[in-house]
Amino acid sequence: MPPKTSRLPRIGLALLAAIILVFTLPAYANPLSNPGLANLSGDPATLGSVAGAFLGRQLTLALIAVYGVVKGTREPMLIGAFAIAAFNLHDAVMIFGFGAGGAGAIAGLVIGALGVAIMISVIRSPRTA
């Protein structure tokens, strides 16, 4: 059995996944309650369009991170943290680039930066049995 990573990165990734789930799951009932979708209106704000694709992707990222936390080994945790960091930073940069910043873009930057910090801590953490 491969060695697991230390507890601190696992706790950090679990908290990050929980935060994403707290904002993603309730948004299926009302997509505009999610800070990343608050600027949408009309057809893009429906689950069959932009909002649904965003929420589906966020749910997938959180589930990948949860798998990494449960498994506890280095590679699944790095994949989960990278997925969260890459997609949230990408979204935040694109939203700021198109001039529509706000709470959702700032949240994306913070979540992405936390994902990068978790990746660094997973790489630097000692492996435990």
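## Exercises on a predicted chain

D91 is buried, with a relative accessible area of 15% (buried is under 20%, exposed over 50% and partly exposed in between, using a 1.4 Å probe and protein chains only). The model is predicted: local features need pLDDT of at least 70 and side-chain atom pairs pLDDT 80 or more, while totals for chains, interfaces and linings use all residues. Residues are numbered from 1 along each chain as its sequence is written, and side-chain values use heavy atoms, without hydrogens and water.

**Exercise 1.** Describe the layout of the chain.

*Solution.* Step 1: list the elements. The chain contains four helices and two strands (DSSP runs numbered from the N terminus: H or I of at least four residues for helices, E of at least two for strands).

Step 1: Along the sequence the pattern is β-α-α-α-α-β.

Step 2: Along the principal axes, the C-alpha atoms fill a box of roughly 50 × 25 × 15 Å. Of the 129 residues, 36% count as buried. Among contacts (heavy atoms within 4.5 Å) with a separation of 6 or more, 64% join residues 24 or more positions apart.

**Exercise 2.** How many salt bridges does a search of the whole structure find, and which residues meet in a salt bridge?

*Solution.* Step 1: count. The search finds one salt bridge (a side-chain nitrogen of Lys or Arg within 4 Å of a carboxyl oxygen of Asp or Glu).

Step 1: identify the partners. The side chains of R57 and D91 form a salt bridge, at 2.1 Å from N to O.

Step 2: R57 belongs to helix α2 and D91 to helix α3, so the pair, 34 residues apart, links distant parts of the chain.

Step 3: compare accessibility. R57 has a relative accessible area of 24% and is partly exposed, whereas D91, at 15%, is buried.

**Exercise 3.** Which residues have the most contacts inside the largest nonpolar core?

*Solution.* Step 1: find the core. The largest nonpolar core holds 16 residues, and L13, I84 and I118 have the most contacts inside it (a core is a set of buried Ala, Val, Leu, Ile, Met, Phe, Trp, Tyr and Cys residues joined through side-chain atoms within 4.5 Å).

Step 1: see where its residues come from. Helices α1 (7–24), α2 (50–71), α3 and α4 (103–124) each supply at least two residues of this core.

Step 2: follow one member. Leaving aside neighbours within four places in sequence, I118 is in contact with P9, G12, L13, L16 and A81.

**Exercise 4.** Is V69 buried or exposed, and what does V69 touch?

*Solution.* Step 1: locate the residue. V69 is in helix α2 and, at 15% relative accessibility, counts as buried.

Step 1: list its contacts. Not counting residues up to four places away in sequence, V69 touches R10, L13, A14 and M77.

Step 2: check one distance. V69 and L13 are 56 residues apart in sequence, yet 6.7 Å apart from C-alpha to C-alpha.
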